[in-house]
Amino acid sequence: MNRVLLVNDDNEIRDRNASMLEVLGWEVYVASSETEVFEFIVACRPAFVVVDIEMASDAGFESIATARSLFGDLFVIAVTRGGNRELWPEMAKGRGANHYLVGPVSGSKLTDAIDAAVADGLIET
């Protein structure tokens with residue numbers, strides 16, 4: 001189950017992060033809305049989800065909650081480039097995120113988060 005869902009409404013950033021994940025050996029699917037998150041997770045059950053929380057209309061936070069409600073054990077990484085650095089990590093965790101990364105997201109940041117989750121048995125490869 002080497003599938004990952006990447007949720008981001010910024011095409012350039014989403015494509016760059018998708019390329020990084022593909023280099024790491026993941027089969028990457030992308031979504032840009034909460035509706036697409038629901039559809040993909042139900043259809044394909046990814047190993048984990050990477051969600052940009054800076055999406056319009058709180059769609060990032062809602063995508064985390066949707067992922068968590070569908071599969072309680074799904075590993076969710078919340079990412080952001082800005083925002084409230086004190087409040088947003090707590091909000092993301094409150095919605096169900098397991099990990100929080102401040103961007104720009106690099107391959108090494110993603111690798112570290114994924115490797116730690118795999119080592120802890122939270123992501124199945």
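This is a predicted model: local features need pLDDT of at least 70, side-chain atom pairs count only at pLDDT 80 or more; totals for chains, interfaces and linings use all residues.
The protein chain has 125 residues. Its secondary structure comes to 5 helices and 5 strands. From the N terminus on, these elements follow the order β-α-β-α-β-α-β-α-β-α. The radius of gyration is 13 Å. A compact globule with this number of residues would have a value near 14 Å, so the chain agrees with that expectation. Along the principal axes, the C-alpha atoms fill a box of roughly 30 × 30 × 30 Å.

Of the 125 residues, 45% count as buried. The chain exposes about 6,100 Å². Carbon and sulfur atoms supply 48% of that area. Among contacts between residues at least 6 apart in sequence, 66% join residues at least 24 apart.

Strand β3 covers residues 48-52. In this strand, 5 of the 5 residues are buried, so β3 is largely enclosed by the rest of the structure. In a regular strand the side chains alternate between the two faces of the sheet. Both faces of β3 are covered. Phe48, Val50 and Asp52 lie on one side, and Val49 and Val51 on the other. Each of these residues is below the 20% relative accessible area that marks burial.

The pairing of β3 involves β1 and β4. Strand β1 (residues 3-7) runs parallel to β3 and is joined to it by 4 bridges. Within this pairing, leucine 6 has valine 50 as its bridge partner. Strand β4 (residues 75-80) also pairs with β3 in the parallel sense, over 5 bridges. Here phenylalanine 48 is the bridge partner of phenylalanine 75. Further along, valine 51 stands opposite alanine 78.

Strand β4 is mostly covered, with 6 of its 6 residues buried. On one side are Phe75, Ile77 and Val79. On the other are Val76, Ala78 and Thr80. Both faces are therefore covered, since all of these residues fall under the 20% cut-off for burial. Strand β4 also pairs with strand β5 (residues 99-102). These two strands run parallel and are joined by 4 bridges. Threonine 80 stands opposite valine 102 in β5. The chain crosses from β4 through α4 to β5, and this β-α-β crossover is right-handed.

A search of the whole structure finds 3 salt bridges. One of them joins arginine 16 and glutamate 12, with the closest N and O atoms 4.0 Å apart. Both residues belong to helix α1 (residues 11-23). They are 4 residues apart, so about one helical turn separates them. Arginine 16 is partly exposed, with a relative accessible area of 42%. Glutamate 12 counts as exposed, at 59% relative accessibility.

Another salt bridge is formed by the side chains of glutamate 62 and arginine 95, at 2.5 Å from N to O. This pair links distant parts of the chain, 33 residues apart. Glutamate 62 is in helix α3, and arginine 95 is in helix α4 (residues 87-95). At 28% relative accessibility, glutamate 62 counts as partly exposed. Arginine 95 is also partly exposed, with a relative accessible area of 32%.

The side chains of aspartate 73 and arginine 45 meet in a further salt bridge, at 2.7 Å from N to O. Aspartate 73 lies in the loop between α3 and β4, whereas arginine 45 lies in the loop between α2 and β3, so the pair ties together parts that are 28 residues apart in sequence. Aspartate 73 counts as exposed, at 55% relative accessibility. Arginine 45 counts as partly exposed, at 23%.

The backbone at arginine 45 also stands out. Most residues other than glycine have a negative phi. Arginine 45 has a positive phi of about 45 degrees although it is not a glycine.

Methods: Residues are numbered from 1 along each chain as its sequence is written. Side-chain values use heavy atoms; hydrogens and water are left out. Buried means under 20% relative accessible area, exposed over 50%, partly exposed in between (1.4 Å probe, protein chains only). Two strands pair if DSSP finds at least two bridges between them. The radius of gyration is taken over C-alpha atoms; the globule rule is 2.2 Å times the number of residues to the power 0.38. Contact means heavy atoms within 4.5 Å. Accessible areas come from the Shrake-Rupley method with a 1.4 Å probe; for residues, only the protein chains shown count as cover. A crossover is right-handed if, with the strands pointing away from the viewer, the path from the first strand over the helix to the second runs clockwise.
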